[in-house]
Amino acid sequence: MGDQCAGARRARGSRKAASQSRAPEPPRSQRAEPPARGGGRAGAGSGDARPPGGHAKAPNPRDAPPPIDPQDATSARSRAAKGPALSEMGCVPKGKGSAPGEGIAVPSKQGAIPPRKGSARRETGAVPKTKASAPREPPAVAAACCTGAESGVGAKAGGVGARPLRDVLKTLSLGRQDTSEASERVNQVIRALLSAIRAREGSFSSVEILGTGSYYEHVKISAPNEFDIMFTMPAPRVELEQCDGSGAFYYVRLKRNPQGNDLDKFIQEDGTLAACKMLFALRNIIKEIVKSMTRTEMKVTVDKKKAGSPAITLRIGNPPMEISVDIILALEVRSQSWPASTQDGLKIEKWLGRKVKQEYKWKPIYLVPKHAKDGRVLKEDTWRLSFSHIEKDMIKNHGNTKTCCESKGVKCCRKNCLKLLKHLLDQLKTKHGNRRGLDKFCSYHAKTAFFQACVLWPDDKQWLFTDLESCFQNFLDYFLDCLNNAYLPHFFIPTHNLFSRQLIDKASSDFLSKEIKYEINNRFPIFELQN
């Protein structure tokens with residue numbers, strides 16, 4: 001009996017040891033699943049999508065995928081597409097702990113714009129190209145800028161420079177009260193000048209005023225402290241003689257008039273109209289009028305003449321509330337067609353239409369006293385063609401459709417992109433001063449590039465305000481191409497290259513290009529600087 005009990009105890013002990021040697025089976029919901037394919041990057045598969053800024057998460061094959069908000073989802077597209085349309089280059093910002101290469105916009109083939117030469121780029125560690133999937137909803141545009149201007153250089157996740165462009169634009173808006181006060185002060189001075197000039201018997205008694213420049217084009221940024229005003233005067237029948245190969249600068253001769261005219265006293269021995277003498281005479285008249293003004297309400301002074309500048313600069317008030325007003329003498333020529341150098345310019349048929357172009361061609365041209373450059377030597381008594389009045393009209397009526405940016409129309413971001421580029425150039429000049437040749441670049445370069453970009457992408461749908469970040473990226477890409485190729489043709493005079501090596505040296509172009517690429521790759525930390 002004792003032997004039988006001992007044997008039973010040994011049998012029970014062996015069964016207990018065997019049961020303890022096996023691990024308990026977990027519940028079905030806690031079992032480890034194999035990692036999803038392509039889990040190294042969220043949205044890399046042909047059917048994946050995630051909201052901007054979301055983190056990668058391995059899907060559970062047993063559960064149906066959660067519904068995707070179409071406003072937040074970013075479609076994964078093939079990088080093998082020909083090139084992105086302006087509205088299809090929104091970027092997904094990197095989240096915390098994201099892998100290199102995340103946040104790169106993948107364009108769609110459908111409706112794509114041909115890429116600029118050499119514009120293709122990939123980040124270090126970027127996800128390899130995948131087979132293009134069927135077209136889906138356009139990718140959502142993130143609140144941060146697109147990244148990557150150079151191969152192997154990626155944007156920093158988070159940190160300085162991640163300020164949304166929409167917030168930057170808010171800081172550039174002009175205050176209504178400040179604008180009203182500044183414009184009233186300027187108008188008061190200009191009215192007094194105009195009245196006094198017209199009261200004098202002489203060559204300038206028929207002058208009119210024409211507001212030009214960024215304030216009157218509604219693209220002035222930061223503060224209403226700079227105004228450009230043309231003092232125009234009708235010119236008699238003139239003959240234009242091109243003085244260089246640019247097609248922008250001319251000698252002006254008056255055609256014979258038996259009755260004579262008020263400009264005869266400015267005619268030189270060779271028969272040309274002396275630009276320097278006319279500008280000098282107007283400057284002296286303005287200086288006399290300013291001296292006679294009562295200074296009980298505001299202070300007005302005239303700056304010293306700058307070499308090669310066509311402007312007579314007034315200073316109204318005292319710093320920091322000082323306002324600068326550039327007065328520019330301009331001859332209005334109506335009696336003839338535009339010069340031959342403008343024949344291939346103003347290519348706005350697909351943007352604003354043939355009818356609008358024809359209307360512009362019927363408008364007068366203006367000639368401003370500006371020295372032409374012959375190497376490092378300035379040619380005196382030359383006049384430069386000016387189309388400021390048409391430029392102002394194109395910026396104000398910039399839409400491919402008549403309802404663009406109207407109260408009930410679709411809002412585009414054309415003017416916003418121009419403001420951002422101007423602000424970028426201004427901030428770089430503030431950071432570096434006049435070192436490295438940045439003083440050679442001006443807002444007219446940005447405006448010319450803007451017009452060329454509007455021709456490259458004429459449709460309003462390619463400039464949707466919801467796609468601001470991708471549109472600005474494309475605009476910067478075009479501007480960088482112009483810098484790298486040393487070629488930015490004047491919009492009205494294509495033979496006049498504003499980035500020619502005679503005007504801007506390679507070192508200055510390379511430095512600006514490098515600085516812009518740095519800002520792109522680091523999500524514009526320069527925009528965090530205070531003016």
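Is arginine 414 buried or exposed?

1. Arginine 414 is buried, its relative accessible area being 0%; buried denotes under 20% relative accessible area, exposed over 50%, and partly exposed the range in between, with a 1.4 Å probe and protein chains only. This residue belongs to helix H8 (residues 414–432). Helices (H or I, at least four residues) and strands (E, at least two) are DSSP runs numbered from the N terminus.

2. The model is predicted: local features need pLDDT of at least 70 and side-chain atom pairs count only at pLDDT 80 or more, whereas totals for chains, interfaces and linings use all residues. Residues are numbered from 1 along each chain as its sequence is written, and side-chain values use heavy atoms, with hydrogens and water left out.

3. Regarding the chain as a whole, there are 11 helices and 13 strands. Of its 531 residues, 47% count as buried. Contact means heavy atoms within 4.5 Å; among contacts between residues at least 6 apart in sequence, 70% join residues at least 24 apart.

4. Leaving aside residues up to four places away in sequence, arginine 414 touches Trp351, His398, Gly399, Asn400, Cys404, Phe450, Cys454, Trp457, Pro458, Asp459, Asp460 and Trp463.

5. The largest nonpolar core comprises 111 residues, and Phe204, Met278, Val325, Met394 and Ile516 have the most contacts inside it. Helix H10 (residues 468–485) gives the most to this core, with 10 residues. A nonpolar core is here a set of buried Ala, Val, Leu, Ile, Met, Phe, Trp, Tyr and Cys residues joined through side-chain atoms within 4.5 Å. A second, separate core has seven residues, including Met230, Ile328, Ala330 and Val368.

6. Valine 325 is one of the residues with the most contacts inside the largest core. Not counting residues up to four places away in sequence, valine 325 touches Val186, Ile190, Phe227, Ile229, Ile312, Thr313, Leu314 and Ile316.

7. Helix H7 is largely enclosed by the rest of the structure, because seven of its nine residues are buried. The buried residues in H7 are Ser388, His389, Ile390, Glu391, Lys392, Met394 and Ile395.

8. The axes of helix H7 (residues 388–396) and helix H9 (residues 443–456) come within 12 Å and cross at roughly 60°. Axes are lines fitted to C-alpha atoms, for helices over the stretch in contact, with angles from 0 to 180 degrees between N-to-C directions. H7 is therefore oblique to H9; angles under 35 degrees count as roughly parallel, over 145 as roughly antiparallel, 65 to 115 as roughly perpendicular and the rest as oblique. Glu391, Met394 and Ile395 of H7 make the contact with Tyr444, Lys447, Phe450 and Phe451 of H9. By class, this contact has five nonpolar, no polar and two charged residues, where Ala, Val, Leu, Ile, Met, Phe, Trp, Tyr, Cys and Pro count as nonpolar, Asp, Glu, Lys and Arg as charged, and the others, Gly among them, as polar.

9. Histidine 496 lies in the loop between H10 and helix H11 (506–521) and is buried, with a relative accessible area of 11%. Its C-alpha atom is separated by 4.4 Å from that of serine 246, 250 residues apart along the chain. Histidine 496 touches Ser246, Ala248, Phe249, Leu488, Pro489, His490 and Leu503, not counting residues up to four places away in sequence.

10. Serine 337 sits in the loop between strand S9 (323–333) and helix H6 (354–361). Serine 337 is exposed, with a relative accessible area of 59%.
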